[in-house]
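Dear colleague,

Please find the structure for your review below.

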Amino acid sequence: MSIGLTEEHRDLRDAVRAFATRHITEEALRTTADADKETLPGHWNGLAAQGLLGLHLPEEAGGAGYGLVELAVVTEELGRAMAPGPFLPTVLASTVLNAAGHRTYLAPLAAGTTVGAVGLGAGTLALNRADDGTVTVTGTSEPVVGGHLADVFVLPAADGGRTRWIVLPRAAVDTEDLRSHDLTRRSSRVTARPVPVPAADLLAVDEQTPRDLAAALFAAEASGIADRCVATAAGYARVREQFGRRIGQFQGVKHRCARMLAQAEQARASAWDAARAAGPGGTEDPREASLAAAVAGAVGVDAAFTAAKDCVQVLGGIGFTWEHDAHLALRRAQTLRLTLGPSAAWRRRVARLALDGVRRTLGVELPPEAETVREDIRAELREAAALDGKERLTHLADHGYTAPHLPAPWGKDAGPVTQLVIAQELQAAGLTPVDMIIGGWVVPTLIAHGDTAQQERFLTPSLRGDIVWCQLFSEPGAGSDLAGLTTRAEKTDGGWRITGQKVWTSMARDAHWGVLLARTDTAVPKHKGISYFLLDMTSPGLDIRPLRQITGDAEFNEVFLDEVFVPDELLVGAPGDGWKLARTTLANERVALSHDSVGSGAETLLETAAASGGLDDEQLTVLGGHLCDAQSGAVLALRTTLRTVSGQQPGAEASIAKLLGVEHQQQVWETCMEWQGTASLSGEGRRHDTTWMFLNGRCLSIAGGTTEVQLNIIGERLLGLPRDPEPTPKG
């Protein structure tokens, strides 16, 4: 996995990874860590020769003319390798200077003949302006990462009531090399006593810009560090045995590793979006780029720090030894985190920008072939727009718009690009096709596995909205463990007699038909003895009882089946195919994209905050944290969409987004209720108010696979950790 999504970015990643494998060995890392004094690492000239120090700089300045995303790809890979030396400080310096239009040092920084460093804390540095217009700087900076080797410093200094960024060559200042927490990239303090600052070295840049650029690049390196920690921990958990089992089989370890991966993906997504927003063509609104950078500053570096701590924990005693590299990752992650500034401060910045109305607009730049289908789609939709009510829905369904991803004649056989064009045009025309809800799962299953008679009977009416479906899978004793279901289907003349109980069935009282799993063979392993039926919800022997939930509503139902007859023609596939059908996934899945980085819950929280007349720092920090989760979740979804559009297989983002999105929604509504205080305790109120949403949100981490099951899936399928042990047979 990588920050970059395109083939070119993957090629760049692979080239840097190969370079790091050859040159940044464990011996090289240890030599740097154990040295009394930091020196340029042996791979430095190689970085310059590969053009990696100037990748992001314009060609006229000695660079390669690429952007910040390409630089972030390289920075992530070198972070994964824990590359010693001043790569990050140097490219950050050249990035800031380039943004300020200061060209003096760009070519030597790109060539590696000059080393740069950026200080993010002014300390006591301050500008003094004389009557004749000359400017001097005095004071001492806070620690500057990479300062041991820097030839030129980019530093903040107080200038009246604001911060001004200045350039100082090493020869003009005194430096104090510090005994550094990060043993592989060391820090210094810079003292000026006093030093003249030419007008050209007073950078013409907004005072927030260098910090935003630092947040983006720090998050990129943090993504690599987090990924290294995940790989180290999971690799150890796959082979280390304790208590007669590999430790990755214990859910305490497995779930820790899964959450490490989730945080690493969050860091990667936020770093990518910050680099994308700040780079060429990113956004026309600098405040939007600053918002993306603030999310990276809040999320990215903290993810590496947490992953590094968890890595030591998974490794156990060996992780606490000097000889293991885990502490080097921990030291670097902590150095990045403290140098960039408290994550709480970045979260507050996110909150303030959002309260000022700044939003991160997310979108996909579609390839040229998108326009070749757009006019045909518009023409069909103009016909639909001229109709009303049921006629409109039928027209949309019959022309493939209910589910465009399905093959013709039921859909439009639309690939990812066409699906996005259709979504755009439907929105522009104000048209909404039938929402099949459960039918959206049933229809593709019947297309893939149903016979001709079943397809002719059910598909078109479902797409038109004439048939409403429910799903009868879960049972009181078989929720997450679906294969443990006990509802029995016994063969009889012309069909099957089904007896059992289903639970948590949404829409059972409204549905015309249901899809039902029942056990048809008890003599085979439990996954193989299940069959898939279509059930008429008016069948004799069917008893539907509303199941009231904690909101007071009764959206779910218990369904009791007492020898309900289902004819043979309503068995889908062959007996025993039920598990395969239940797990059906389409090769051409729906592609969707939200253009808003703030969900409904977070928007409600913003409205509550705006109405409160002001938030204290603690509330701003909480609000910013929720907004970071909302935006990073939206970016994860965007990355999944972009992978699909480009023909790639989905990455880890989809699984991670589901896990994090559920927890985000629950936390947001809890905070909304807390901020409304006792006013939220006056009753459950109307449907979808804050209190109702808080209560309803508790089902999100249960329905569709519990959070614990999701963590198992992430740990086992994405990290290769051993599966949970099979249950011990009873008796």
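**Cysteines and the basis of the values**

Cys470 is buried, its relative accessible area being 0%; here buried stands for under 20% relative accessible area, exposed for over 50%, and partly exposed for what lies in between (1.4 Å probe, protein chains only). The model is a predicted one, in which local features need pLDDT of at least 70 and side-chain atom pairs count only at pLDDT 80 or more, whereas totals for chains, interfaces and linings use all residues. Residues are numbered from 1 along each chain as its sequence is written, and side-chain values use heavy atoms, with hydrogens and water left out.

A disulfide is taken as a pair of cysteine sulfur atoms within 2.5 Å, and by this rule the count is zero. For Cys470, the closest cysteine sulfur is that of Cys699, at 17 Å, which is too far for a bond. Cys311 is buried as well, at 3% relative accessible area; its sulfur lies 4.7 Å from the closest cysteine sulfur, in Cys229, again too far for a bond.

**Overall form**

The secondary structure consists of 22 helices and 18 strands. These are DSSP runs numbered from the N terminus: helices are H or I of at least four residues, and strands are E of at least two. Along the principal axes, the C-alpha atoms fill a box of roughly 100 × 65 × 55 Å.

Of the 731 residues, 53% count as buried. The accessible surface is about 31,500 Å², with 51% of it belonging to carbon and sulfur atoms; areas come from the Shrake-Rupley method with a 1.4 Å probe, and for residues only the protein chains shown count as cover. Among contacts (heavy atoms within 4.5 Å) with a separation of 6 or more, 74% join residues 24 or more positions apart.

**Nonpolar cores**

In soluble globular proteins, nonpolar side chains tend to be buried together. A nonpolar core is defined here as a set of buried Ala, Val, Leu, Ile, Met, Phe, Trp, Tyr and Cys residues joined through side-chain atoms within 4.5 Å. The largest one has 150 residues, and Phe87, Leu203, Phe218 and Leu623 have the most contacts inside it. Helix α7 (residues 209-239) gives the most to this core, namely 16 residues. Apart from it lies another core of 48 residues, with Ala397, Leu446, Ile530 and Leu542 among them. Leaving aside neighbours within four places in sequence, Phe87 is in contact with residues including Trp44, Leu47, Leu71 and Val74.

**Salt bridges**

The count of salt bridges is 38, each being a side-chain nitrogen of Lys or Arg within 4 Å of a carboxyl oxygen of Asp or Glu. Arg17 and Glu77 form one of them, with their closest N and O atoms 2.9 Å apart. This pair links distant parts of the chain, 60 residues apart: Arg17 is in helix α1 and Glu77 in helix α4 (residues 68-80). Arg17 is partly exposed at 32%, while Glu77 is buried at 2%.

Glu288 and Arg360 meet in a salt bridge at 2.6 Å, N to O. Here too distant parts are linked, since Glu288 is in helix α9 (residues 286-315) and Arg360 is in the loop between α11 (343-355) and α12 (369-385), 72 residues apart. Glu288 is buried at 8% relative accessibility, and Arg360 is buried at 2%.

**Backbone details**

The peptide bond from Ala408 to Pro409 is cis, with omega near 10 degrees; Pro409 sits in the loop between α13 (389-398) and α14 (416-429). Trp504, although not a glycine, has a positive phi of about 60 degrees, and this residue is found in the loop between β13 (495-502) and β14 (513-519). Glu563, also a residue other than glycine, has a positive phi near 50 degrees, and its place is in strand β17 (residues 556-567).

With kind regards
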